[in-house]
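Colleague: Please take one spot in this model and look at it closely. Then set it against the rest of the chain.

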Amino acid sequence: MRHAFAIIAGVGLLLLAIASLLPLLETDAWWVRYLDFPRMQFAAGLVVLWVLMVALGGIGRGAARWLTVLALIALGYHGWKLWPYQPLAAKMDPGTATCGPEARLSVMVANVQRKNRQANEVIALAREQNPDLFFVLETNGWWDEALSALDADYDHHLQDIPSDATYYGMHVFSRHPFADTEMRFPFGADTPLFVGTLDHPARQIRVFGIHPRPPHYFQPSTLRDATVLEAAIEARDGDLPALLAGDFNATPWERTSRRALRLGGLIDPRAGRGPLISFDANSWWMKWPLDQILWQQGLAMTGFEVLDGLGSDHYPVLAELCVTDGVDLRPLAPRDSDDAEARATLEKARAMPDAAFDG
């Protein structure tokens with residue numbers, strides 16, 4: 001019986017190791033890209049299954065040796081991908097910025113979950129944290145009415161609630177005016193991308209609000225990847241410091257996320273501080289960071305935190321920033337292949353029929 005259980009553990013170890021290494025493939029297939037999310041869980045599972053296999057007596061010396069080697073390769077791959085997001089890694093922003101009230105910029109992102117009805121908690125949190133920019137995601141008509149209570153708190157607010165993609169409504173509240181705003185639907189998508197120029201008292205800032213669809217059930221990651229990359233490229237090519245915020249439906253260690261950081265010269269506050277989980281607030285094992293706030297030189301951090309839950313499957317995130325060039329930031333160096341690979345992703349998204357985004 002022990003040998004049978006050892007074989008089961010060995011088979012599980014083999015399957016988990018294969019699943020761990022499949023994301024090495026350069027593909028946007030939903031089932032491969034979905035395997036990017038649970039890296040921490042996969043790493044823990046590999047260790048547990050190996051220990052079980054050995055403790056139960058193994059499955060034969062040769063097979064156990066090869067399974068151990070494969071498991072170590074998979075663990076090494078997870079460690080390489082996750083390394084930047086633990087406290088021993090280098091910080092991209094030291095978090096030492098200081099500034100007066102006129103140069104402060106606080107940004108909060110809350111995916112409130114469409115079916116959630118705890119609007120009073122969302123409004124109370126907005127008033128408690130008092131962010132200058134507040135992105136509220138996954139809103140619908142009910143949330144539009146409920147959030148109208150914040151109209152008196154914010155002089156500037158706009159929203160878009162897609163008629164079909166009803167899980168992708170977006171509300172933007174700002175204490176500072178915008179010189180221009182636009183709700184785009186890139187690549188024929190039915191999910192909005194907010195783009196605006198914020199007239200902050202210290203200087204203008206280019207702002208992007210992002211919430212693309214995730215890879216999910218025959219829905220490739222192409223549109224998600226292209227949306228994030230397009231925002232990063234536009235941020236890079238602009239004349240103003242840029243801020244990207246939202247539910248990216250991608251973890252920071254994913255290939256597209258890292259490529260966007262390099263292309264856009266963007267700073268990720270999680271680097272050197274830990275994964276700072278923002279999803280899933282209702283699950284004991286589906287835990288990874290999806291909600292992100294990134295910025296370029298010209299902005300610097302005084303604090304970043306994941307806040308308490310609001311009845312949603314996401315936790316809100318809050319970044320306290322200074323509008324300043326006086327901090328030595330350390331963005332990732334671009335790779336020679338980044339531009340070509342990003343262009344290929346954008347072209348693939350443009351070639352996809354609009355029907356691919358329905359439902």
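Modeller: I will start with Gln113, which counts as buried because its relative accessibility is 12%; buried means under 20% relative accessible area and exposed over 50%, with partly exposed in between (1.4 Å probe, protein chains only). Before going on, note that this is a predicted model, in which local features need pLDDT of at least 70 and side-chain atom pairs count only at pLDDT 80 or more, while totals for chains, interfaces and linings use all residues. Residues are numbered from 1 along each chain as its sequence is written, and side-chain values use heavy atoms, with hydrogens and water left out.

Gln113 sits in the loop that runs between strand 1 (104–111) and helix 5 (119–129). Helices (H or I, at least four residues) and strands (E, at least two) are DSSP runs, numbered from the N terminus. The backbone at Gln113 has a phi near 65 degrees, a positive value in a residue other than glycine. Most residues other than glycine have a negative phi, and most peptide bonds are trans.

Phe218 also has a positive phi, near 65 degrees, and is not a glycine. Its loop lies between strand 7 (204–210) and helix 7 (222–237). Phe218, however, counts as exposed, because its relative accessibility is 73%. A further backbone feature is the cis peptide bond between Phe279 and Asp280, with omega about 0 degrees. Asp280 belongs to the loop between helix 8 (255–264) and strand 9.

The partner here is strand 8 (residues 242–247), which pairs with strand 9 in the antiparallel sense over 5 bridges; two strands pair if DSSP finds at least two bridges between them. Within this pairing, Leu243 is opposite Trp295 of strand 9.

Thr191, in the loop between strand 5 (178–184) and strand 6 (193–199), counts as buried at 4% relative accessibility. Apart from neighbours within four places in sequence, Thr191 has contacts that include Ala165, Tyr168, Arg184, His211 and Leu223, where contact means heavy atoms within 4.5 Å. Asp225 is placed in helix 7 and is buried, with a relative accessible area of 6%. Not counting residues up to four places away in sequence, Asp225 touches Thr256 and Thr345.

As for the whole chain, the protein has 9 helices and 11 strands. Its radius of gyration is 22 Å, close to the 21 Å that the globule rule gives for 359 residues, so the protein is as compact as a globular protein of that length; the radius is taken over C-alpha atoms, and the rule is 2.2 Å times the number of residues to the power 0.38. The C-alpha trace spans about 70 × 45 × 40 Å along its principal axes. Of the 359 residues, 54% are buried, like Gln113. Among contacts between residues at least 6 apart in sequence, 73% join residues at least 24 apart.
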